[in-house]
Amino acid sequence: MMDDARLDLLRDKDSSDITVLVIAESQHQRLAFSETVRSCGFTLIDCVSRAQLRHYSQVDIWLVDSVYDDHVENAIAGSGSSAVLVGFSQAPYLNEAQHYAKWQRKLKRKLAQILAMPSLIESPVYNSSIKPWRYVVFLGASMGGPSAVKAFLDHLSPTLPICLLLAHHFNSNMMETLPRILTRHNDWQCQVISITQQLKSGYCLIAPIEQQIVCDSEGRVILSEQPWSGEYKPAIGQLLKNASDVYGSELVSIVFSGMGCDGSQYLDTIQDNDSQLWAQDPSLSTCSSQPQAIIDSGYCQFIGSPEALAQKLTDYVNGTTSVLSET
C-alpha cells in the first residue's frame, strides 16, 4: 500500500530521516527486520508485536508481519505513513549466514521497488563473518534487573569488542518482551536464545528459561534439550562457572539487582581462571541480596551503579586492548 504523493516527498529525504516501524509477532522476525532497517540507514522508531502497538505519529514506512486488522489499520492511518509492506517470508536464523543474507537482499529489493530507491540494493547486507570480540561479558540479574541492565546497556557502546550473555530470572510469559525492554533507546541487539548460536559483538544473547545452554571454546552458545536443574531458571551460578572455565581472563561477570544468592555458589572454584567479577551497588539495587552475596564472597573486584559499571567496563576493555595492541 502506497501514497504516491507522500512517496515523492519520501524520496527527497536523506535515508537517516526516513522513519520505520516494525510490527511482527515473532521476536526473531522483529530482530531480522530491525537489523535490515538499520542497514538501509533508516531510523527505526519501534519494533513491536501487535499487542504492544500504540499510537505513533510521523512514521514513513510500516513493515507488518502480523494480522492486519482494524487495530493495525487505524494505527497506520494516524501516522501519516507513505508506504506499508504487509507480510514477508520468515527470516532464517542469523547463524545461517548465506540464507539470511539472501533473505535480507530480497527484503531490500522489495523496499527499493516500493520506494524507487535503487541505492538500497547496493547497501551492505548481513556480513557472514562474525565481528571479532575480545571479551565475553556475562550478566546475571533477577528482581529489579531489567531497569538495571537497561541502564547499563544505555551507557555501553555496542561497538566495543565485547559480546554479552545475559541470564535473567524472569517470568516465562513475559520473556519475549525482555529484548524490547532492554534495547529501547540504545543500539544493542538482544534476542532470547532459541537455537545454538555464535557469540557476536554488538549482541546480547539472553539465556532461555526452559532449556539449559552451555558455552564452548569456539564461542558458541549451545542450546540443550535438558531443563535447568535446581531452584533457579536460568541458573546464573551454573552459567557463570561454565563461562569462567571456558573463557578465563577473557570473561567479565557482572551481577545486578536480584533476590537470593544465585551466582555466588561456585566462586571459590573459579579463582584460578583470572576472570573479572563485579557487582551492582546493593544500596542502588531494587533487591540487594543477589549483588550482596557476590560482595560477601570476598571475590568481587568492583562495585558500582549500572552507569559506573558500564564506564568501568569501557575503561577496562579500552585500557587492556590498547596495551595488547602495543605488544
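A residue is taken as exposed when its relative accessible area is over 50%, as buried when that area is under 20%, and as partly exposed in between. The structure described here is a predicted model. Gln-58 has a relative accessibility of 65% and therefore counts as exposed. This residue is located in the loop between strand S2 (43-48) and strand S3 (61-65), and its phi is near 55°, a positive value in a residue other than glycine. His-185 likewise has a positive phi, of about 75°, although it is not a glycine. The loop between helix H7 (178-183) and strand S7 (189-192) contains His-185, which at 72% relative accessibility counts as exposed. Most residues other than glycine have a negative phi, and most peptide bonds are trans. A cis peptide bond, with omega about -10°, is found between Lys-233 and Pro-234. Pro-234 belongs to the loop between strand S11 (220-223) and helix H8 (236-247).

Helix H2 (residues 27-39) has 13 residues, which at 1.5 Å a residue should span 18 Å; the C-alpha atoms at its ends are 18 Å apart, in agreement with this value. Of the 13 residues of H2, 11 are buried, so the helix is largely enclosed by the rest of the structure. Among the buried residues are Leu-31, Phe-33 and Val-37, and also Arg-30 and Glu-35. H2 is followed by Gly-41, which has a positive phi near 90°.

Eight salt bridges were found in a search of the whole structure. Arg-30 is buried at 7% relative accessibility, whereas Glu-176 is partly exposed at 40%.

Asp-216 and Arg-220 also form a salt bridge, with 2.7 Å between the closest N and O atoms. Asp-216 is buried, at 12%, and Arg-220 is partly exposed, at 36%. In the salt bridge of Asp-245 with Lys-241, the closest N and O atoms are 2.8 Å apart. Asp-245 and Lys-241 are four residues apart in helix H8 and are therefore separated by about one helical turn. Both are partly exposed, Asp-245 at 41% and Lys-241 at 27%.

A surface patch of positive charge is formed by Lys-102, Arg-105, Lys-106 and Arg-109. Arg-109 is part of helix H4 (residues 97-115) and, at 45% relative accessibility, is partly exposed.

Note on methods:
Residues numbered from 1 in each chain as written. Predicted model: local features only at pLDDT ≥ 70, side-chain atom pairs only at ≥ 80, totals over all residues. Heavy atoms only, no water. Patch = residues over 30% accessible without salt bridge, like charges linked within 9 Å, V, L, I, M, F, W, Y side chains within 5 Å. Areas by Shrake-Rupley, 256 points an atom, 1.4 Å probe, with all protein chains shown as cover. Salt bridge = Lys/Arg side-chain N within 4 Å of Asp/Glu carboxyl O. Lys, Arg positive; Asp, Glu negative; His and termini not counted. Charge placed at Lys NZ, Arg CZ, Asp CG, Glu CD. Helix = DSSP H or I, 4+ residues; strand = E, 2+ residues; numbered from the N terminus. Buried < 20%, exposed > 50% of the residue type's maximum accessible area, 1.4 Å probe, protein only. Expected span 1.5 Å × (residues − 1).
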